[in-house]
Amino acid sequence: MVIQSGAGSRAGASAPVLLIQLLRFIAAFAVVLFHAQQALSKGAYETLGYWFELGAAGVHVFFCISGFVIMHTSYGGGTRGMPTGRFLLRRFVRIFPIYWICCLAYIAYHQGWGQGYEMSAQSWLGAFLLLPSDSSRIIGPGWTLSYELYFYLCFAALLRLPALTALLTLTGFFVLSIALGIFSGFSGPMAIATNPLILEFCAGCWLGYSFARWNIGSRAFGVGLIVLGLALFVAGGIMDYRTVPLSVMWGVPSIFMVAGCLMAERSGGLPKLIQRASRLGDSSYVLYLIHILFITVALDLGLDSLVPMEPLSGILVAFLVALSCAVFAAWIFNFIERPMLRWLSRNVVNRFSTREPAKPPMEALNS
C-alpha cells in the first residue's frame, strides 16, 4: 500500500509507475467512498450499500501494489537486494511517523468530544506498534498495516538471497503457512501468517520481478487486463462476492489491474492529464489513515441530518465527503508528511544505515 519517493531506489530497469500511482489513489478513494456512504446512510438502502462495499476491494489492490513496489525498489533488475538494515529503517520511517501523528489526532478529537478510548496499557502499546491484536483500536483500517508489516519482516529476512531465490522462498513459505492455518485453525495474531491475503503481496512481488527483467505485454494487452479486472469486480458483485473468499474474488482482479497498468504504461508515454493525476497517489497513505476521523467529524457536525439521504443525494454527499477528505489528505501530505519524510530520510535513514550504490532515482515511487 505504501509508496513514497526517495533516492536510492535500486531500479535496475525503468519502472512504469505513473498508472500505479493513479491506481493507488483510486483504490484509496474507493475505500473512503465506501466508508463515507456506510457512515452517512447508517445502514439504509442495503442494495446500494452492497455495491458501495466493493470499495473495500481497494485494500487488495494496495497489497498487490505493495508487493510490486517492495520487490522493485529492493532488487530492481539486479540479483542483490538492498542492505537489510536500510530496508527496515526505510519501512519504519515510511509507516510509523505519520501513523503516530494521525493516531494523536484521533485521540485528541475523541477525548475532546467525550468519546475517549478505553484501553489497557498493553492495548495502547499494541495499537501504536500495529500489533495484530490491537492495530485497529485507534484507527480502524490499521488492521491492514499489520499485514504490511508482516510482509516487510518476511521480505527483509530474505534480502541477502538472490532475487529469484528470495521470491521462491517467500512464496513457498507463505503457501505452507496458509496450508498449516487451514489444518490447524490458528486465530489471533497467527491469523495473519495463515491468511491467503498475504499471497497478494507475493503476486505483486512476481510482477515487480518480471517487469524489471522482461518487456512484457503491450498497451492494448494492458488495457485489456484493466478492463478484465474491472469486469471481474462487477461480476463478483453480481454473483455475490460474500460467497467466495475475498482473496480470490477481489485478489485476482487486483492482480490483473496492477499488471494491466504496468503493461499499458511501459508501452509508451501517457497523456499529460494522467501524468498530473498520478500525483494524487502521493497522499493515498495519509488519506487511508485520516479518512475515518474526517468522516466522524462530518457526522458530529450533523452533515447526515442536513441533507435528505435518499439514494441519489446519499451518493452525492458521500462522494463530496470523500472528495473533501482527499483534498485534506493532499494538504497533510504536502505540508506535513513530505517535509517530514525528506528530513527523516536525510537525517535518520542515510545516517544510520548502510548506503546503497548510486542508482537512478524513481521520483514517482517513494519506497
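1. **Before you start.** This is a predicted model, so local features need pLDDT of at least 70 and side-chain atom pairs count only at pLDDT 80 or more, while totals for chains, interfaces and linings use all residues. Residues are numbered from 1 along each chain as its sequence is written, and side-chain values use heavy atoms, with hydrogens and water left out.

2. **The whole chain.** You'll find 16 helices and 0 strands in the protein chain. Here helices (H or I, at least four residues) and strands (E, at least two) are DSSP runs, numbered from the N terminus. Of the 367 residues, 53% count as buried. Buried means under 20% relative accessible area, exposed means over 50%, and partly exposed is in between (1.4 Å probe, protein chains only). Now look at contacts (heavy atoms within 4.5 Å): among those between residues at least 6 apart in sequence, 83% join residues at least 24 apart.

3. **The core.** The largest nonpolar core has 109 residues, and Tyr99, Ile138, Phe151, Phe155 and Leu170 have the most contacts inside it. A nonpolar core is a set of buried Ala, Val, Leu, Ile, Met, Phe, Trp, Tyr and Cys residues joined through side-chain atoms within 4.5 Å. Take Leu170: leaving out residues up to four places away in sequence, Leu170 touches Phe151, Cys154, Phe155, Leu158, Cys202 and Cys205.

4. Rolling a probe the size of a water molecule over the atoms shows where empty space is left. On a 1 Å grid over the protein atoms alone, a cavity is a set of points where a 1.4 Å probe fits but cannot get out; a pocket is an open set with protein on both sides within 12 Å along at least five of seven lines, and lining residues have an atom within 4 Å of a point. Grid points are joined across faces, edges and corners, and a volume is the space filled by probe spheres set on the points. The largest pocket holds about 460 Å³ of space. It is lined by 20 residues, and Ile26, Ala30, Leu230, Phe233 and Met257 are the closest to its centre. Two or more lining residues come from each of helix H1 (18–41), helix H3 (58–75), helix H10 (219–239) and helix H12 (251–266). H1 gives the largest share, 8 residues. By type, the lining has 18 nonpolar residues, 2 polar and no charged. In this count Ala, Val, Leu, Ile, Met, Phe, Trp, Tyr, Cys and Pro are nonpolar, Asp, Glu, Lys and Arg are charged, and the others, Gly among them, are polar.

5. **The cavities.** How many cavities of 30 Å³ or more does a search of the whole structure find? There are 2. Helix H7 (residues 163–184) supplies the largest share, 3 residues.

6. Is Ser177 buried or exposed? Ser177, which sits in helix H7, counts as buried because its relative accessibility is 10%. A polar atom of the Ser177 side chain lies 2.7 Å from the backbone oxygen of Ala193. Ile182 is also in helix H7, but Ile182 is exposed, with a relative accessible area of 64%.

7. **Two positive phi angles.** Leu130 is not a glycine, yet Leu130 has a positive phi of about 60 degrees. Find Leu130 in the loop between helix H5 (121–128) and helix H6 (143–156); Leu130 is buried, at 3% relative accessible area. Asp240, not a glycine either, has a positive phi of about 85 degrees. Asp240 is in the loop between H10 and helix H11 (246–249) and counts as partly exposed at 23% relative accessibility.

8. Leu89, in helix H4 (residues 84–112), is 261 residues from Asn350 in sequence, but their C-alpha atoms are 9.5 Å apart in space. Neighbours within four places aside, Leu89 is in contact with Val348, Val349, Phe352 and Ser353.

Terms used:
A polar contact is a pair of N or O atoms within 3.5 Å; within protein, one must be able to donate a hydrogen and the other to accept it, and residues adjacent in sequence count only if both atoms are side-chain atoms.
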